[in-house]
Amino acid sequence: MKRLLLLSVFSLLAVSGFGAPGAPFINAAAREALSLNGRWHVIVDPYDNGYVNYRLERFDAAPKPTGGYFLDQKPANPSQLLEYDFDRSPSLNVPGDWNSQDDKLLYYENTVWYRQLFDFTPGTADARQFLHFGAANYEADVYLNGAKLGRHVGGFTPFQFEVTGRLKPKGNSLVVRVNNQRHPEGVPTVNTDWWNYGGLTRDVRLLETPATCICDYAFQVQPGDAHLVRGYVQLDGGAPGLPVRIEIPELKVAVTVQPDQAGRATFEFALNGAELWSPEHPRLYGITLSAGADHFSEKVGFRTIETRGPDILLNGKSIFLRGICLHEENPLRGGRATTAAEARQLLGWAKELGCNYVRLAHYPHNEYMARVADELGLLLWEEVPVYWTIHWDDPDTYANAENQLTELINRDRNRASVIVWSMANETPISTARTAFLKKMVARARALDPTRLISAAMERHSPQGDTATNIVEDPLAEVTDLVSFNQYIGWYAGLPDDCAKANWIINYNKPVIVSEFGGDALQGLHGDRLTRFTEEYQADLYRQTLPMLDKIPQLRGMTPWILCDFRSPRRVLPNIQDGWNRKGLIGENGTRKQAFAVLQEYYARKAAEAAKLP
Ligand code: GCU
């Protein structure tokens, strides 16, 4: 029985409303009562005919809607006019994007209506039920049995609606309008170098909990003190004062905490003899949490991450981040990766490359990625899609970006693998931009004071002096890492220019090169100066690595990118054909020459690190 301690940090979080009821439950998989994955009937609706009438008035805005596909009606008699019928409509897989499931929808960017029917009998009379979505790109309007539950904007983070008392034993109709149109004021905005996959791209679950349940919790080892865990638990329901018990049998930890009237309790306990989590030893511990009738388990690794000058310290020891960038795409299928098996495949390839770190670009990937990275021993950089030129002055754009950041941190805060929250990618410096991003950094720090904060910034050269590369960004004053993308040898000059390059990076902080690389069509061969050949890409790597090694604060890198990926911006016939070819692995899974170049470099880095005290 460990002493109970109330701690200020997490009371602060209570004030900020984080983890408040209504937010998606953490560890939703542990609450699943019914998976709603599978084949869903769909209606492709480019004119939003099921959403607005010919006057463009929304059907669901009416107090008693008389039209709208969400009503999922059937003609009461042969003379009743109904011009849609889900049962006779085609179907798609959920989870999954629609673009890779039907060639006619490859470039489709608009509305698709999804409908699933399900039966459900509550486990107990006072149980509660929630519809949980892992994500839907880009906006989702959700209806149950003809009534609107709500709406979510943002394509890569979870959301849920409570449906207690709204379910029927048989034939519940769940209808979701998903629209992936791009908007200038959106996050991301209209221009990206990845495929705008639309749909119910992640798991859909019906969750069931007791009347009062644990909806959120955090276990975090404090930077600088690897043997002290601090955390909180948050209850949701009518009995906020229910005692909560936390047990880690392997560590003989058993803590009972007493939540306050808001259902919140904080705690602290010592980690006696725990093995700290690291890529070499991805040690996870089973934890059980219970409050009244609520009882479930979780797996957590304990580690510390911090910086000291130019060093990154994992569990107090300096580390070099041997990384690679990754999109949430299965190249072999050419669609969104949605399963634990696909996460294992992609992260397994990164391990094979010799990585201890992966940048999940440019948006929150599915939850399996972080959980599999916990198991495999890969450190992660996670990012929100504040990409290129979003509307910095628009308060709604900011609210959208901040909400995506909050939902991401809320979901993955207990993942040992996650060490960096990234606010943005390649955003042009301006006063409005920097103010926007500094607010995001402050929000991230308020939500999670235990991880590193960064963003993928840019370098520039003085007029007429392309050999000099300067990294200077007001945002770097508030980030823990100085990360930047550079494409010397591809967008700027040729690989031979790497040897002449010099760097001016006046920050006593760790430098992470968050992108570099060049396109190569797997199987295309030629001399090292012929673009798009494997030889050019391999030479670019051979010349870039020693160039970067000259940067004294260099503590890691994530070359662009592990696998070729789809992009509507890449149209070179017989070379790109809708694919960005900067992968080290082709769309058919075959390694390119540069894969071995980086693998060899990482093997040397790992050997050097193994020699360090
Ligand atoms: C950019 C960007 C990536 C893009 C890459 C490329 O820097 O961050 O999203 O795909 O470069 O041009 O291939």
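Visitor: Which residues does leucine 481 touch, not counting residues up to four places away in sequence?

Guide: Leucine 481 touches Thr307, Ile312, Val420, Leu452, Ile453, Ser454, Met457, Pro510 and Ile512, with residues up to four places away in sequence not counted. Contact here means heavy atoms within 4.5 Å.

Guide: Two notes on the basis of this. The model is predicted, with local features needing pLDDT of at least 70 and side-chain atom pairs counting only at pLDDT 80 or more, while totals for chains, interfaces and linings use all residues. Residues are numbered from 1 along each chain as its sequence is written, and side-chain values use heavy atoms, with hydrogens and water left out.

Visitor: Why is leucine 481 called buried?

Guide: Buried means under 20% relative accessible area, exposed means over 50%, and partly exposed is in between (1.4 Å probe, protein chains only). Leucine 481 has 0%, so it is buried. The residue sits in the loop between β28 (468-470) and β29 (482-485); strands are DSSP runs of E with at least two residues, helices are runs of H or I with at least four, and both are numbered from the N terminus.

Visitor: What separates the C-alpha atoms of leucine 481 and aspartate 448?

Guide: A distance of 16 Å, for two residues 33 apart along the chain.

Visitor: Which residues are the closest to the ligand?

Guide: The closest are Asp193, His362, Tyr387, Glu426 and Tyr491, out of 14 residues that surround the ligand. A residue is near a molecule or strand if one of its heavy atoms lies within 4 Å of it.

Visitor: How many residues of each class are in the shell around the ligand?

Guide: Five are nonpolar, four polar and five charged. Ala, Val, Leu, Ile, Met, Phe, Trp, Tyr, Cys and Pro count as nonpolar, Asp, Glu, Lys and Arg as charged, and the others, Gly among them, as polar.

Visitor: Why is histidine 362 called buried?

Guide: Its relative accessible area is 1%, so histidine 362 falls in the buried class. Histidine 362 is in the loop between β24 (357-360) and α3 (367-376). Its side chain makes polar contacts of 2.9 Å with glutamate 383 and 3.4 Å with arginine 359. Beyond four places in sequence, the residues in contact with histidine 362 include Trp194, His327, Tyr387 and Trp560.

Visitor: What makes strand β4 (residues 111-118) largely enclosed?

Guide: Seven of its eight residues are buried, so β4 is largely enclosed by the rest of the structure.

Visitor: How do you know that β4 and strand β9 (residues 172-179) pair?

Guide: Two strands pair if DSSP finds at least two bridges between them. β4 and β9 have eight bridges, in the antiparallel sense, and therefore pair. One of these links leucine 117 to serine 173 in β9. Strand β2 (residues 38-44) also runs antiparallel to β4, joined by four bridges, and valine 42 has tyrosine 114 in β4 as its bridge partner.

Visitor: Why is asparagine 315 called partly exposed?

Guide: Its relative accessible area is 24%, so asparagine 315 is neither buried nor exposed. Aspartate 577, at 45%, is also partly exposed. Asparagine 315 has a positive phi of about 55°, and aspartate 577 has one of about 50°. Most residues other than glycine have a negative phi, and most peptide bonds are trans.

Visitor: What is the peptide bond from valine 94 to proline 95?

Guide: That bond is cis, with omega near 0°. The bond from asparagine 137 to tyrosine 138 is cis, with omega near 20°.

Methods
A polar contact is a pair of N or O atoms within 3.5 Å; within protein, one must be able to donate a hydrogen and the other to accept it, and residues adjacent in sequence count only if both atoms are side-chain atoms.
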